[in-house]
Amino acid sequence: MIFGSTPVEAVGVLRGLLQQAIACISTAVLSERPPSPTRTLFLAHPISSPHGRVTVRIQHAFVVIHDQSRATRERWEARTAGYMYKLDGADGREILAYHWHPAGRSHKQRPHLHIGAGFGAIQPAWQKAHFRTGFVTPGPMLALLIDHSGRRGTAS
């Protein structure tokens with residue numbers, strides 16, 4: 001849970017944590033879409049591995065809510081409302097993607113993983129499968145990029 005004493009502070013804490021994770025592989029900076037009512041932090045440009053073999057895309061949706069349980073002082077929470085952390089191949093095809101879109105149009109509203117055509121599809125049917133994952137952060141995707149390249153990526 002991400003808390004702050006004001007809505008702005010709660011958003012700042014969330015942004016800071018995500019930006020710190022991204023800084024492990026890139027100097028790319030998160031952007032924010034205006035609230036509607038959900039807000040989204042995202043990379044305006046995907047992060048490319050040093051050799052350009054893979055790119056990472058990140059979208060992290062959240063809402064800011066007033067925590068009514070703390071009567072002694074103000075407290076606000078930046079609560080995750082969905083995400084898309086995606087790894088694409090050099091040809092632009094999805095290799096894998098972590099999704100959670102509980103309020104979306106999809107009938108798959110639990111956190112899940114997609115294995116895309118860019119993976120080399122051992123089983124073509126797996127490209128449409130939704131492998132349940134539980135809640136994830138961008139960390140596993142960013143670690144995969146580090147492991148894959150052995151070096152930091154760049155914003156493209």
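A nonpolar core is a set of buried Ala, Val, Leu, Ile, Met, Phe, Trp, Tyr and Cys residues joined through side-chain atoms within 4.5 Å. The views below come from a predicted model, in which local features need pLDDT of at least 70 and side-chain atom pairs count only at pLDDT 80 or more, whereas totals for chains, interfaces and linings use all residues. Residues are numbered from 1 along each chain as its sequence is written, and side-chain values use heavy atoms, with hydrogens and water left out.

**View 1. The largest nonpolar core contains 29 residues.**
Buried here means under 20% relative accessible area, exposed means over 50%, and partly exposed lies in between (1.4 Å probe, protein chains only). Within this core, the members that touch the most others are I22, I47, V56 and Y98. At least two core residues are supplied by each of helix 1 (7-22), strand 3 (39-43), strand 5 (54-66), strand 6 (76-89), strand 7 (94-100) and helix 2 (139-149). Helix 1 gives the largest share, 5 residues. Helices (H or I, at least four residues) and strands (E, at least two) are DSSP runs, numbered from the N terminus.

**View 2. The surroundings of V56 are shown by its contacts.**
A contact requires heavy atoms within 4.5 Å. When neighbours within four places in sequence are left aside, V56 is in contact with L43, P46 and I47, with K86 and L87, and with M141, L142 and L145.

**View 3. Strand 7 pairs with strand 6 and with strand 8.**
Two strands pair if DSSP finds at least two bridges between them. Strand 6 and strand 7 run antiparallel and are joined by 6 bridges; Y83 has W100 of strand 7 as its bridge partner. The hairpin of these two strands has 4 residues between them, and in this hairpin G92 takes a positive phi near 85 degrees. Strand 7 also pairs in the antiparallel sense with strand 8 (residues 112-115), over 4 bridges. Here Y98 has L113 of strand 8 as its bridge partner. Strand 7 is mostly covered, with 6 of its 7 residues buried. In a regular strand the side chains alternate between the two faces of the sheet.

**View 4. Y83, Y85, W100 and F135 form one aromatic cluster.**
Rings of Phe, Tyr and Trp (its six-membered ring) pair if their centres lie within 6.5 Å; planes under 30 degrees apart count as stacked, over 60 as edge-to-face and the rest as tilted. The structure holds 4 aromatic pairs. One of them joins Y83 and W100, whose ring centres are 5.9 Å apart and whose planes stand at 50 degrees, so this pair is tilted. Because Y83 lies in strand 6 and W100 in strand 7, the pair ties together parts that are 17 residues apart in sequence. Y83 counts as buried at 5% relative accessibility, and W100 is buried with a relative accessible area of 18%. Y83 also forms an edge-to-face pair with F135, at 5.5 Å centre to centre and with 80 degrees between the planes. F135 lies in the loop between strand 9 (131-132) and helix 2, while Y83 lies in strand 6, so this pair ties together parts that are 52 residues apart in sequence. F135 is partly exposed, with a relative accessible area of 48%.

**View 5. Two arginines lie over aromatic rings, R33 over F42 and R75 over F3.**
A charge sits over a ring if NZ of Lys or CZ of Arg is within 6 Å of the ring centre and within 35 degrees of the ring normal. R33 lies over the face of F42 at 4.2 Å from the ring centre. R75 lies over the face of F3 at 3.7 Å from the ring centre.

**View 6. Salt bridges link charged side chains, including R57 and D88.**
Side chains of opposite charge can pair when their charged atoms come close. A salt bridge is a side-chain nitrogen of Lys or Arg within 4 Å of a carboxyl oxygen of Asp or Glu; by this rule the count comes to 8. R57 and D88 form one of them, with their closest N and O atoms 3.0 Å apart. Since R57 lies in strand 5 and D88 in strand 6, this pair ties together parts that are 31 residues apart in sequence. R57 counts as partly exposed at 35% relative accessibility, whereas D88 counts as buried at 2%. R93 forms a salt bridge with D91, the closest N and O atoms lying 2.8 Å apart. R93 is partly exposed, with a relative accessible area of 42%, and D91 is exposed, with 52%. Salt bridges that share partners join R57, K86, D88 and E94 into one network.
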